[in-house]
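Please read each point with the coordinates open.

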Amino acid sequence: MPSFFKKKSQKGKKTAEKQKKPAVSSPLSEVLEENLAVITSKTGNSTDIIIRRLKHSPRFKTESAIVYLKGLTDTQTVQEILIESLMKSDPVEQEPSSMQEMVEGYLPLGIMESLKDWETLFQALMSGHTIIFVDGFSEAMSTSTEGGEQRSIEEPSTQRAIRGSREGFTESIETNISMVRRIIQNPTLWTETMTIGRVTKTKVTIMYIKGIARDDIIEELRNRLKKIDIDSVLESGYIEQYIEDQSLTVFPTLYHSERPDVVAGNLLEGRFALFVNGSPFVLLGPVVFIQFFQSIEDYTERFYISTALRLLRVLIFFISLIGPATYIAATTFHQEMIPTQLLVAIAAQRESVPFPSFVEAIIMEVTFEILREAGIRMPKAIGSAISIVGALVIGQAAVQAGVVSAAMVIIVAITAIASFATPSFGIAISTRLLRFLFMISAATFGFYGMILGFIILVVHLCGLRSFGVPYMSPLAPFVPADINDTVIRGPLWADRKRPSFMSGQNQLRQGEETGRPEPDKSRQMVTKNEGDAQ
Amino acid sequence: MEKAKITAYQLFALVLLFELGSALLVALGIEAKQDAWIVILLGMIGGLLIFFVFYRLYCFYPDCLPTEYLQKIMGKGLGKSVAFLYMLYNVYLAARVLRDFGAMLLTFAYIETPLFIANTLMILVIVYSVSKGIEVLARTGELFLVFIYFLAGSGVLLVLFSGVIDLHNLQPVLENGWKPIIKTTVRETIYFPFGELIVFTMIMPYLRDAKKIRNVGIFGVIVSGISLALVMVINISILGVDLTERSQFPLLSTIQTIQVADFLERLDVYFVIALIVGGFFKVAMFIYAAVIGTANIFTVTPPSRLSYPIGLVVLILSMTMASSFPEHLKEGVSIVPLLLHLPFQIIFPVLLLGVAYWKNRKHKKQGTG
């Protein structure tokens, strides 16, 4: 065994050496024409790259040019502010020593940066900056002029809430970050940006609240992100699959949300948020299993109602997981457990059905999965056709043709509705898959197989971790202080502490004085007028 | 030893599930007729005494597995061989429980399924869980404890609503005096299930808060003893002594008497769940102890590598240990308690404690003087 490990470590060294690539970027030239030639050749003379020469700018004694990408920049800013101020300003009196000095005081634009090598220059150009070149300087200035068309803020299409904000994230990372900043107006809300993706150079931003989030978790996140070396990041799901603790599981170990208020709430519990440019889904971690059963309006409703709803969601989870499996096990192996009258009814229905109940269930479940998939892919205009076909095929026709029994239709329908009612798509989709495994185990070994399957499932869930936090906490390991916000939701005033696994030292989230609201004045506050009738 | 820590509550959950494991299903101490519950409570007191022996041993060597402190107490060679005997004992008990469990499952639900298949499935699940380590096993225990007690609570309520409990079945108390009670206690309930707590000596060093171990042990033994006694009281008061004695699975017969509103009846699934979950935890604890101990004796790292081979041994042993179920039961009643349980659970630990006490007293005198 030791020799095996040695080999492994040597292998690791080799790959590490390979990855050390020369990242020295070539510097810019002093000659303007040479610089512009590099740009046109490197971008393959792309038509959306605009090079505007400013021959007689009073600002610069020599020739100059600005370069920007059409569509990514805000045309108004470039034309009205940048070009105008460069063309119309007063002539310089003395020779400036650097470009920065020359430009900075005269351009009414926010972010200015001096660029000296091509790699950073192209990165700035491609993200929508405008680059200013001046002949005779081996540097260029980039000004922030990002703009262009974007989707406006809309109501989130997933994770709808009855009572809660109507804002949903968009594809622009700046907009998304600002939406969270608007909710948490505190300087301790820290962000860190890095670019990931060799080709796509996608901006990825970590956001956390300094002092609440645990530093070791943030450090670990940073390390995991740094290790990612892939071509493209097209959605936050790409990042998710590279920073998971365990990839061999059907359960999501990171949460994604489209709602700024959910992100803000999670940041306040000590989690981090990960914004990926181009994705309206923000990743949140570390997560626990029970989080997937929570919804934002749990916290705005009265706690009795929220608790009841949460218990309902757990029930929904179990129905969508073992609904058909239980029916199969009961009808195939354990008929004695069904009450006699019901058993007679089921037997009468099944008399004309040629299949065992397992085959029957598989037929119905697969049909349903096909319909569901079709419903997502179909153009909206013919979407209603699917529901008609589905209702007829799944419903009446199949029963009348004697392919499946009516009881099976009920079971599949309940299961389907249950899986739609699960608040998180991530969990709903994993239960969809596991449901088939449970059906197989029920068909081969009845309740014995199902219970064994359930034990394996629980053991697997208990073994998962998300950024070191046990997945089943605070249920297992049991943390009494955190139980207030799990399958039950205690009153907000009783929820004094943040989840202990996420937040390090800073645990209290309520002042000592804030307790159960019991205003003493309530009774005497409104006194009856003397003249009022009893 | 694994690098893992478990909390006091997790240990408590494991102790409880382990104790209830298979004891819940059989007619425990029925030789004492309607006084079986007294026998169980007496066995519990005996179990507490045995637990104290284990606990004192643990106090002498709080950071060591028993396989290590056996070597410290008895010397390297002798200690290792005794430790190995203990591991064989664990494997044997795991196989016994597995056989019990498989046979029970087949008799009442899957008559035509071969025993080998039922046992293989079970051992696969167990081995998978054991290879995940004690932390995962402990967390699973926590979740299932709530689940089992939820089932138990609802079961008791349903039994009450069915109106079948007749407490006269428990009378007369002490019909034949204390003698048969003491006899059954000494011959049965002390060892099974309480003496089997010796497995937990292999798990005590994992506890995060060493101070709590005494309370966890006492509390665990008492709660499990009371639960078992309660179940036996319910069994006897519903079925009567005669039926409880003759029934293969008194708990199943009890559950089958549930009849509420002509709808909630034949809740055999309660029994199936109790049987499988209990069997799972009992066998898993024995196998875990065997795996971690064997890995420690032969310095195998990581220990989880041993779980598959040991699981295979347990599986084969469970098939070959007896040629029929009656033979298996006969062995369990007349041979195992005297030849295995008595020396391994009581005589060895007490002797060890004596030697350890003597050795450490000398050390202390040297240290202070």
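1. In what follows, a helix is a DSSP run of H or I with at least four residues, a strand is a run of E with at least two, and both are numbered from the N terminus. The model is a predicted one, and local features are discussed on the condition that pLDDT is at least 70.

2. B:P172 belongs to the loop between α6 and α7 (179-194) of chain B.

3. A:Q159 sits in the loop between β5 (140-144) and α6 (173-183) of chain A. Because 18 other C-beta atoms lie within 10 Å of its own, A:Q159 is classed as partly exposed, the cut-off for a buried residue being 20 or more.

4. B:K33, again a residue other than glycine, has a positive phi near 55 degrees, and its place is the loop between α1 and α2 (36-60) of chain B. Is B:K33 buried or exposed? B:K33 counts as buried, because there are 20 C-beta neighbours inside 10 Å.

5. Turning to the interface, 26 residues of chain B are in contact with 20 residues of chain A. On the chain B side, the elements that contribute two or more residues are α1 (8-23), α5 (115-131), α6 (134-162) and α10 (268-297) of chain B, and among these α10(B) gives the most, with six residues. Sorted by class, this side of chain B that touches chain A comprises 16 nonpolar, four polar and six charged residues.

6. For chain A as a whole, the domain assignment gives domain 1 (32-144), domain 2 (173-287) and domain 3 (303-463). How far apart do the C-alpha centres of domain 1 of chain A and domain 3 of chain A lie? The separation between these two C-alpha centres is 63 Å in the model.

Definitions and conventions. Residues numbered from 1 in each chain as written. Chains lettered and ligands numbered in written order. Predicted model: local features only at pLDDT ≥ 70, side-chain atom pairs only at ≥ 80, totals over all residues. Contact = placed C-beta atoms within 7 Å. Nonpolar A, V, L, I, M, F, W, Y, C, P; charged D, E, K, R; others polar. Buried ≥ 20, exposed ≤ 12 C-beta atoms within 10 Å, placed from the backbone. Domains from an automatic or database assignment.
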